[in-house]
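Me: I would like to work through a protein model step by step. Please show it, and then I will ask about its parts.

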Amino acid sequence: MNAVFVKSYAAPPVNMREILRYSGCRGENAEISALAEECLKEAAGKLTYKVCYRHFAAEEMLDLFGADLKKILCGCDTAVLFAATTGLGIDRLISRYSASSPSKALMLQAIGAERIEALCDTFNTEITAEAAKKNLFTRRRFSPGYGSFPLSAQETVFSLLDCPRKIGLTLNKSLVMSPTKSVTAVIGISDSPSQSGDKCRYCAKSDCEFRQ
C-alpha cells in the first residue's frame, strides 16, 4: 500500500449540460452553445488528464487525518487517496482571455471545471469496477475543504502522494493548487453498499449552489 501509482487518460466524454451549469447559464441558446464549442476546440489540445493515487487501510487513514474522516470512512476497511489534474494549459488560456474576452474566460473556467470532474468520474469508475471484482463497494469521493474534512489536510495529501513529482501538481502556502483545475479526494471502500449516498449529506455548506 506504500506505492503511489500514476495514470494518464484520454479525454473523457464532454457533458455540455455540466459546462453550461458551471458557467451559470440557465438554458441553451445558439450564441452560448457556439461560444462553448469554440472554447472546447481551443482548450482540447491544451488539456492533459493525469491521476496519482495510493491505497490505504482505513485505520491508517484515520491515524493520518484523525476524526475528520471518521464519518466519511465509517464502515470502510480500505480507501484510495488520489490527486487529479488537467494541466496548466487551461489556466494559461483563462489568463490570456481574462482581459480581452471575459465571456470566453468564463466559459473556459466552466470547461475546466467540467473536465476535471469528468476525469475524477473516470478514475472513480475504475476504482469502483476493481472493488466490484472483490465484491466490495465504493463510497462517493470526498475532498478536503468539504464537511468535516478540512482544507488543511491538503498538506498531508500532497506529502503522501508526492504530487509535484508524480503529476506536476503543487500546493502553495495558502493551500491553493496549481494547476487550478485539479482535485484531491478520498474514496472509501467497504464490503457493504450502505451509506453510499451522495456526498452532499456529509457537507455542512447548505448554501452551496451546486448542492444536490
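Questions and answers on this predicted model follow.

Me: How are H1 and H2 oriented to each other: roughly parallel or roughly perpendicular?
Reply: Helix H1 covers residues 16-23 and helix H2 covers residues 30-44. Their axes are 11 Å apart, and the packing angle is about 105°. Angles of 65 to 115 degrees count as roughly perpendicular. Therefore H1 and H2 are roughly perpendicular.

Me: How many disulfides does the model have?
Reply: A disulfide needs two cysteine sulfur atoms within 2.5 Å. For cysteine 74, the nearest cysteine sulfur belongs to cysteine 76 and is 7.8 Å away, so cysteine 74 is in no disulfide. By this rule, the number of disulfides is zero.

Me: Is cysteine 39 buried or exposed?
Reply: Buried means under 20% relative accessible area. Cysteine 39 has a relative accessible area of 1%. So cysteine 39 is buried.

Me: What does cysteine 74 count as by its relative accessibility?
Reply: The limits here are under 20% for buried and over 50% for exposed. Cysteine 74 has 38% relative accessibility. That value lies in between, so cysteine 74 counts as partly exposed.

Me: How many residues apart in sequence are the parts tied together by tyrosine 53 and phenylalanine 123?
Reply: The structure holds five aromatic pairs. In one of them, tyrosine 53 and phenylalanine 123 are tilted, at 5.0 Å centre to centre and 55° between the planes. Tyrosine 53 lies in strand S2 and phenylalanine 123 in helix H5, so the pair ties together parts whose separation in sequence is 70 residues.

Me: Is the pair of phenylalanine 65 and phenylalanine 149 stacked or edge-to-face?
Reply: The ring centres of phenylalanine 65 and phenylalanine 149 are 5.5 Å apart, and the planes are at 85°. Planes over 60 degrees apart count as edge-to-face. So this pair is edge-to-face.

Me: Where does phenylalanine 149 lie?
Reply: Phenylalanine 149 is buried, and so is phenylalanine 65. The two are 84 residues apart, with phenylalanine 65 in helix H3. Phenylalanine 149 lies in the loop between strand S4 and helix H6.

Me: Which residues do ring pairs link into a cluster?
Reply: Tyrosine 53 and phenylalanine 123 are both buried. Ring pairs link these two with two other residues into a cluster: Phe5, Tyr53, Phe82 and Phe123.

Technical notes:
Residues are numbered from 1 along each chain as its sequence is written. This is a predicted model: local features need pLDDT of at least 70, side-chain atom pairs count only at pLDDT 80 or more; totals for chains, interfaces and linings use all residues. Side-chain values use heavy atoms; hydrogens and water are left out. Axes are lines fitted to C-alpha atoms, for helices over the stretch in contact, and angles run from 0 to 180 degrees between N-to-C directions. Helices (H or I, at least four residues) and strands (E, at least two) are DSSP runs, numbered from the N terminus. Angles under 35 degrees count as roughly parallel, over 145 as roughly antiparallel, 65 to 115 as roughly perpendicular and the rest as oblique. Buried means under 20% relative accessible area, exposed over 50%, partly exposed in between (1.4 Å probe, protein chains only). Rings of Phe, Tyr and Trp (its six-membered ring) pair if their centres lie within 6.5 Å; planes under 30 degrees apart count as stacked, over 60 as edge-to-face and the rest as tilted.
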